[in-house]
Structure formats: C-alpha cells, structure tokens
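Here are a few notes to go with the structure. Have a look at it first, then read on.

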Amino acid sequence: MENEVIEFDMGLGGGGDDAVAIIDDEEMTDDSPSAANGIMGSSSFFDPSTYVLQRDLDLEPCEGMEFESEEAAKGFYNSYARRVGFSTRVSSSRRSRKDGAIIQRSFVCAKEGFRNLNEKRTKDREIKRPRTVTRVGCKASMSVKIQDSGKWVVSTFVKEHNHELVPPDQVHCLRSHRQISGPAKTLIDTLQAAGMGPRRIMSALIKEYGGISKVGFTEVDCRNYMRNNRQRSLEGDIQLLLDYLRQMHADNPSFFYAVQGDEEQCTGNVFWADTKARANYTYFGDTVTFDTTYRSNRYRLPFAPFTGINHHGQPVLFGCAFLINESESSFIWLFKTWVSAMSGRLPVSITTDHDTVIRSAIMQVFPDIRHRFCKWHIFKKCQEKLSHVFLKYPNFEADFHKCVNLTDSVDEFETCWLSLVDKYDLRDHEWLQAIYSSRIQWVPVYLRDTFFAEMSITQRSDSMNSYFDGYVNASTTLNQFVKLYEKALESRNEKEVKADYDTMNTLPLLRTPSPMEKQASELYTRKIFMRFQEELVGTLTLMASKVEDDGEVTTYQVAKFGEDNKSYRVNFNVLEMRATCSCCMFEFSGLLCRHVLAVFRVTNVLTLPSCYILKRWTINAKSSVILEERVNDAFSSYLESHTVRYNTLRHEALKFVEEGAESVDTYNVAMSALEEAARRVAITAKNEGRVLMINGRTREDARSNGTLTKRNISNHHESLDQNLSEDEMDRKIQELNKEVECAKRKCEVYRSNLVSVLKDIEDHKQQLSLKVQIIRYSMKDCL
C-alpha cells in the first residue's frame, strides 16, 4: 500500500498545513465537528506510514495488539478499513477521573448505530433537505486502552459487518478515505489560478493520476477545497480593495464608496463611484444598465457595474460593485446606495439580466422606473435551455428571432408566438413559458414607448457586459483588478476624447441638399448624425399619404412605394409642431424615424423642431448651453419660428379656402378679405426694417414688457391708414398685383421644373428597383 495522507472522521483538531476537511452530505455525522461546522481544517489527518510499519499493513486487528499511540491505532484501523472496504469514525471515549486524560477510545464502522432525530432541533422548523440515512446498526469496531507503559492495546475487536462492503474501485468515495494530498493541492491551486473550474480540474487530475480511484477524492471535495481557497484569498484581497477605496476618497472627497455591514470584517458587499462616474450620470443618467453576469475574477464573485450610453453611443460608467452575496437584501442595499451616490436622481429606465431576485429588489427601490431584462442574455439562455430544439430544427432560431424582433405590434407578436410554440411543440416547455410570462420586460413591442438610448430596437445594448471587456478575466485577482480597472477607465476616456476630436475637427459628408441634414450635422455628434442621416435618406423611398384630418391633428400613412401592407401611422399637430409615429423610434432612441421625417418633407418642415433635438445626443451634451432657448416668453419664441409661421398660415388658409368656396357670397367675402389682407401684409413688409413705435415704445421695448397685443397692432394699422392717401393706396395695390402676377409666373416655372425632376427621380428609382430585382434573382441562382 502506498504511503498517503489519510483523513479520519473525528474532531480532534490539529492537522498540518496539508490538512483539509472533506464535507459530504451523504456521510456527515452528528457527532463530527467537521460535519456540523463544515470548516476547513477542523478534521485531523494522519499518515499511516508514521504509525504503521509497511510489513504490518496487511495485518488484521486482534485483541492484545499494541500501538505506540492512539493516533497509530487509529491510522492502522483506517488502513485496514480501506483495504476491506468500509469507512471509519471515532465513536466514544473514556477519561481518567484523576486528570481527565483519555484512557480508552473506540473506532467504529461509519454505519454503526442509528441516526436519531433530535426533537428540540426539528419540532419548531421544517427540515428542508433531510439527510440520507447511512447508519444501519453495524457492530464492526475496534477499541483500544492505554497501559501503564503508555502504549495502547486493542481491548476488543468486532470484525463482522451487517452490510455490503465497498469494492476497491469505489473505496476512494468513502469519507474517511478521501483526502487531497500535498501534490494534488499544488496542482489544483495552479489550475485554479489559471481560471479552470472544478470539473476541468478533476479531468486533469484523473488523467494525471491514471484514474479516479487513484486520485483519492471526488469532484465535490475539489470544489469544497477551491471554495475555501477562494475564501481565504478573498479576505486579504478585499482588504486591499478597501484600502484602495479609502485612499481614493482621502485624495478626492467626491469619490464615493460604501460597504454593507462591518467594514472592518470585510464580509459585506462593496460599492464605489468615482468623480467622473458621478458627473457622467448627470449628463447621461436617463437610462442605466446593471449587469451581474460579469463574473470577471478568480473568486467567481459577481462584479456588477452600473453603465449607460454617452453622446457618442459609447458605454459610460456610473459606478461599480462587488457582491459577496446575491440576496434580495443585498441588492436593495446596493440600489439605495447607488441612488445616494447619484444625488438621489432616478433614471427613466434600467436594464438587468433576467433574475427574479433583482426584479424584486428593483420593484421595492425603483417602483416607478421601467425595468427591462436584457434580451441578449435571454437569447443566450435560450440556446442552452432549448439546445435540443436548435439541433433538431435548424430554422427555429430564425423563427424565434423574427417573432421577437420583427413584429410591429403586440397583437402581431402574440399571434406569432402562439404559432411558434405550436409549430415546434413547445407549449408545455417550462422555461419558455416563464420568459413568456415576463414578456413585457424584454420583448421590444412592449418596451418601445420608453427611452433606452438604443439606436435600434433590435440591437444589443453596447453597455451590457462590455465596458471592461479585454481587461479582466476569470483569473484576475482583486489586487490585479484595481490596476486593470484603472486601465479600462483610461482606455474608455481616450475613446471618448477621440470621438470628440473627430466630431469637432472633421466634416461629415452630406448626402442631400436638405437644410435639416445640415442642421443635424452641426448639432449631433458624428456617430449620432450618421444614424440620423440613415433615417433622413431613407425618406426618399417613402410615400406619406394623408388619411385623416380633424382640424388639429393630421394623420398620415407612411409606407414604401408599392408596399402599403407594411405601413406606419404618423400623427402630426402642425400648430404645436409635434409628431408621433407608430414605430416609437423617437421615444425609444431619442432620434426621429424616417416616417416622421417623410411627413416633415411633404409638409415643408425644413428644419428639426427643437423638441426633437435631445441634448444628450449633441456636441454640447456636457456643456451648460441649452439648445433653442429664448429669454422672451413662449408665444414670442413660437412666432419667431419661420417653419411654425409657415405651417400655421398654410393650415389656416386651407380651412379659409374650403369655407370660402361653399357659395358665391362666401366666395366674394373671402376674396375681399384676401385683398385687404394682401394690402396690409405689403404695408407691413415695407416697413419691416423700421423701428415701430407703439404707444411711445419701440417694438423691442414692447416685447421686453410682454407680447404684442392685438390692440397694439390695431392701433398701429389705424395710424398707418391715416397717413396714406387714396392715390398712394391705389398705386401700392397696382404694384402688389404686378408682383403677385410675377410670382405666379415664377411658381409655374418652378412647378414645371419640380415635376420634371420628380419624374426623373421616379424613373431612376424604377430603374434601380429593376436592377436590384435582377441582382436578387442572380444571387438566388448562384446559391
């Protein structure tokens, strides 16, 4: 028999540096301290070669056999048990009445006696996981007594067992024969540091030793050893992390950190946010991602960053946490601490991985915030849970993607989902039904009315699990993490600086003559402008048709030419310059969709209304400049917008024309009113450059004291009328009529030219469409 470390199921303590406690629920005993506490190093380990001569290893115990010590007797009996095929433990002992020293010890088969339920321990609580019954009343045992000479002598020995013995190839599974030797621990430590898990490490050990029986322990033992290894290393590294956080706070009081529980004990969760993270939140804190799947350290602790999206569409950090435990109370503490660090300001939405504990914590701390599960993580989990479906049905993934991402309404999604689960016979799949029950928190059609700062409803959030990619991995210690964390921050900051430089020092290529495109290129950052440009150019393929007008809101149907079955509805209030689309892209991403832009095109809205320019996407996202703000009142600001004035007059004029054409009388009145209006407009236009005096004040003075009232305007026109003679009025009317006729002729020329251009565009579009169809058919033939 090889010399080896042997573990005994007893609680004498001691154990050398190579000692390790093995915990196995199947053979844990009530009288074993190691079983009760599960603490590494609480059991004793003995090398039989220390106490048992090699020539004696094949001996069978007998009465009168002597040993130099109690440990030697124990090691001998355990070696015998390993050879025969059973596990041992210490049963009872007797002590001297004189000095209390142990004078007798009994070693028994692990199946000796019967396990009794302790009424005091179980009567007030339900046992959640009852232990397996392992004791069957076996009588096999060996007792030793100490002699006056100091030697221990076998006083009784019972050989017979009342149960089957374990064959040699399974002996390593018995509790008292499972041990991790010094060389094995060294190999485990090395592989663990390299990021390997228990299963892969056991595979390596089995290959190294030539079989599981020669390894001498199980995967459970390896897992327990690695867990306790991590715990010991963690205590020291957490202290290093806390020292780093304390130093950062001392250097900059704006650096925020907090520890749940006793900071000195290093047993609670840790959160911190530097000054830049807190500042970034003030600019881009409208939507937040919280990711606990980033287990990027050798302790398998969830590293949980709070991230968002900056004005370049890049991930930006709002704070970090290390979670020693993932209980609901821990998440509640973390969310409250994070809000405190962010000065109490709440986001509009938050994205997390699919987790019921996190969901419950968010409902308590953020009851009014829109909570979304990360769709990418659900898709990834789907590949695991439905792997058999993916293998059996190659088209399932495409159908699942189409159902989730390409449906445009709730009804369409519901219909598509039912068709999907019926087609692949998945109506009773437990996990699929679970994610379906929470569909309003991850399926795009239920979320598109809330802002998540994503450029596309179907894209994966760049902030999700990507901020620290390339800097930390499974072998990273907390001590290493601090340095890599700082490198990641430096890299992300550099990328933002580079994006700022590109935006400020290079000009984008404009693809249309639209004033709106030029305006957007001067306002948005480069990446956001490119995304807006895609939508603007996309309007060239769209037709916007008016389908309803209630006097205030006009409804348009927007679709590609010849594809009316795939259309979107846009409601446009011309007086308020506000439009909403059924695709909800602006609500979801903060950029106008091509459908609204198409309606703006047909209604002559030439520039973006200020309400559709989110500052968080602009060049000035981090400045104090407020876009399109005026110091005067809202009505004056409203009148000064040329686009609003144009559309308002046009809207009112169309209503006037419809009413005036009802009869001859209304027509005559309408024409007379138009002639009078034209005369007054001409007079006002001529005097537009002069300083108008109203009640002794200039126009600017009047504006500073309030809006121009109708009475002021009426008095002004009356004074002008008195100063103009009838001859001058006739001459002005004639001049205006000539100008109107000239303008009409110009309009006809412009109209003819425009019709010609539109016809050329339509012909070119048809030619391109034909070429595309030809290319598609040729590609199909090639495939």
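1. Where is Cys-584 found? Look in the loop between strand E18 (578-581) and helix H20 (585-589). Keep in mind as you browse that this is a predicted model. Cys-584 counts as buried because its relative accessibility is 17%, and the cut-off for buried is under 20%. Its backbone is worth a glance too: the phi of Cys-584 is positive, near 60 degrees, and the residue is not a glycine.

2. Why does a positive phi get a mention? Because most residues other than glycine have a negative one. Asp-425 is another case, with a positive phi of about 55 degrees although it isn't a glycine. You'll find Asp-425 in the loop between helix H15 (410-423) and helix H16 (430-437). Asp-425 counts as exposed, since its relative accessibility is 69%.

3. Now over to helix H20, where Ser-589 has its place.

4. Last, the surface charge. Which residues form a negative surface patch? They are Asp-549, Asp-550, Glu-552, Glu-576, Glu-658, Glu-659 and Glu-662. Take Asp-550 from that patch: this residue lies in the loop between strand E15 (542-549) and strand E16 (553-560). Asp-550 counts as exposed, because its relative accessibility is 55% and the cut-off for exposed is over 50%.

How values were computed. Residues numbered from 1 in each chain as written. Predicted model: local features only at pLDDT ≥ 70, side-chain atom pairs only at ≥ 80, totals over all residues. Heavy atoms only, no water. Patch = residues over 30% accessible without salt bridge, like charges linked within 9 Å, V, L, I, M, F, W, Y side chains within 5 Å. Areas by Shrake-Rupley, 256 points an atom, 1.4 Å probe, with all protein chains shown as cover. Salt bridge = Lys/Arg side-chain N within 4 Å of Asp/Glu carboxyl O. Lys, Arg positive; Asp, Glu negative; His and termini not counted. Charge placed at Lys NZ, Arg CZ, Asp CG, Glu CD. Helix = DSSP H or I, 4+ residues; strand = E, 2+ residues; numbered from the N terminus. Buried < 20%, exposed > 50% of the residue type's maximum accessible area, 1.4 Å probe, protein only.
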